[in-house]
Amino acid sequence: MTSPSTVDRAFDAALYASSDDALDTGASLLAADPAADAELARRGQELVAAAWRRGWQPADVVRIARRELDDVHVRLLAALVRAQAGHDRPRGPRWAAQLDELTTEEPPRTDRFSYATAVLELYRLLLRLPALEPLDESAHAPRPESRMLTRIRALLAKAEATGFPEEAEALSTKAQELMAQHSIDEALLAARAPSPDAPGACRIGVEPPYEQAKAVLLDAVATANHCRAVWNEPLGFSTVVGFEADLEAVELLHTSLLVQATTAMTRAEAAQRASGRRRTRTFRQSFLAAYAHRIGTRLAAAAEAQVTEDLLPVLASRDVAVADRLDRMFPETATTRLRGVTDEAGWTEGAQAADRAEVRSRPRLR
């Protein structure tokens, strides 16, 4: 009978127990046997491949590692994901983009025991990942970015960079108008020349602090752009379902609005502190909650104004397709209420910041 390998013994000791003593035992076994390094790396790639089978994607595992562990673990994970990529089948442009975003920084040089400890901590996290709703992994060639999306990206970058609120508002407004035009153009094109395209889905990180308000903001942006969002609070992301062009718009606009909200909140908070206030956390929570609520109201009004009667059947059919995909992915969902919204000044400032970011409707199609 073949005796267990060093890696097997280390895994038996460390991966299925949560105590530091068990982790130390496993790390000691690995540190004392350099010949086990190749097998240890191979087992890591197997854990990454198992995560893919359970519905995870590169950005998801990096997000959870960054949330639960440290930078050294993120670097170790990035190296494993890149190594496993050479054995994977093609998984589409979104997947490829996530691979491109992986850090290329090597883990810091350290002693063998510390290295083995970090590896086992990472592997323990990978082993315990729950199953997720699978997303489409289209192997189709990536679509070239349209001129419209290039213009939208540039407008939002300027809105985030400017120090003048009025200019940021004007740039964000123009970006939303172009997004609406882009979405409707895509819908009309699909109606005139039907294609096999169906609603897809992507995951967008919703990180603490104030993650509830951030999830509400993402939901508002998704709804305004003909998508639907479902928040997974324990794992720190929302799954957004919609057609590809709309998903791109949601990612762009949500990121920009979040940056602008943070900038406005910091400025308002500084003014509050100058007047003697000290309740920073409740102010921020209330600010972002009001901002998300007001943005949702205004985006919904803008979206309604952008649709003419001749577009209703086209957009309705796409809405039905998105809703059907959502129901199949998430047959059971629950609503949640915002917590900790108790600061009147924060709410007022947040609502006013959202008012300044008002989105005008685009001109009606003729």
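Tutor: Two residues are in contact when heavy atoms of one lie within 4.5 Å of heavy atoms of the other. In this predicted model, Thr6, Val7, Arg9, Ala10, Ala13 and Ala14 of helix α1 meet Ala22, Leu23, Thr25, Gly26, Leu29 and Leu30 of helix α2 in that sense. These contact residues divide into eight nonpolar, three polar and one charged.

Student: Why is α1 called roughly antiparallel to α2?

Tutor: The axes of α1 (residues 6–14) and α2 (residues 20–31) cross at roughly 170 degrees and come within 7 Å. An angle over 145 degrees counts as roughly antiparallel, and therefore α1 is roughly antiparallel to α2.

Student: What makes the aromatic pair of Phe11 and Tyr123 edge-to-face?

Tutor: Two values are needed, because a pair of aromatic rings is described by the distance of the centres and the angle of the planes. Ring centres must lie within 6.5 Å, and planes over 60 degrees apart count as edge-to-face. For Phe11 and Tyr123 the centres are 5.9 Å apart and the planes stand at 85 degrees, which gives an edge-to-face pair. It is one of three aromatic pairs in the structure.

Student: Which parts does the pair of Phe11 and Tyr123 tie together?

Tutor: Phe11 belongs to helix α1 and Tyr123 to helix α7 (residues 112–127), so the pair ties together parts that are 112 residues apart in sequence. Both Phe11 and Tyr123 are buried.

Student: Why is the pair of Phe283 and Phe287 called tilted?

Tutor: Planes under 30 degrees apart would count as stacked and planes over 60 as edge-to-face, with the rest tilted. The planes of Phe283 and Phe287 are at 35 degrees, with the ring centres 6.2 Å apart, so this pair is tilted. Both residues lie in helix α12 (residues 280–305); because they are four residues apart, about one helical turn separates them.

Student: How do you know that Phe283 and Phe287 are buried?

Tutor: Buried means a relative accessible area under 20%. Phe283 has a relative accessibility of 1% and therefore counts as buried. Phe287 also has a relative accessible area of 1%, so Phe287 is buried. In the protein chain of 366 residues, buried residues make up 46%.

Student: What makes Arg91 a charge over the ring of Trp95?

Tutor: The distance criterion places CZ of Arg within 6 Å of the ring centre, and a second criterion asks for a position within 35 degrees of the ring normal. The charged end of Arg91 sits over the Trp95 ring at 4.5 Å from its centre. Likewise, Arg318 lies over the face of Phe243, at 3.9 Å from the ring centre.

Student: Where is Tyr210 found, and is Tyr210 buried or exposed?

Tutor: Tyr210 is found in the loop between β1 and α10. Its relative accessible area is 7%, under the cut-off of 20%, and Tyr210 is therefore buried. The phi of Tyr210 is near 60 degrees, a positive value in a residue other than glycine. The loop between β1 (200–205) and α10 (211–224) also holds Pro209, and the peptide bond from Pro208 to Pro209 is cis, with omega near 5 degrees.

Student: What is the phi of His226, and where is His226 found?

Tutor: His226 is not a glycine, yet its phi is positive, at about 65 degrees. His226 is found in the loop between α10 and β2 (228–232).

How values were computed. Residues numbered from 1 in each chain as written. Predicted model: local features only at pLDDT ≥ 70, side-chain atom pairs only at ≥ 80, totals over all residues. Heavy atoms only, no water. Axes fitted to C-alpha atoms, helices over the stretch in contact; angles between N-to-C directions. Helix = DSSP H or I, 4+ residues; strand = E, 2+ residues; numbered from the N terminus. Parallel < 35°, antiparallel > 145°, perpendicular 65-115°, else oblique. Nonpolar A, V, L, I, M, F, W, Y, C, P; charged D, E, K, R; others polar. Phe/Tyr/Trp six-rings, centres within 6.5 Å; stacked < 30°, edge-to-face > 60°. Buried < 20%, exposed > 50% of the residue type's maximum accessible area, 1.4 Å probe, protein only.
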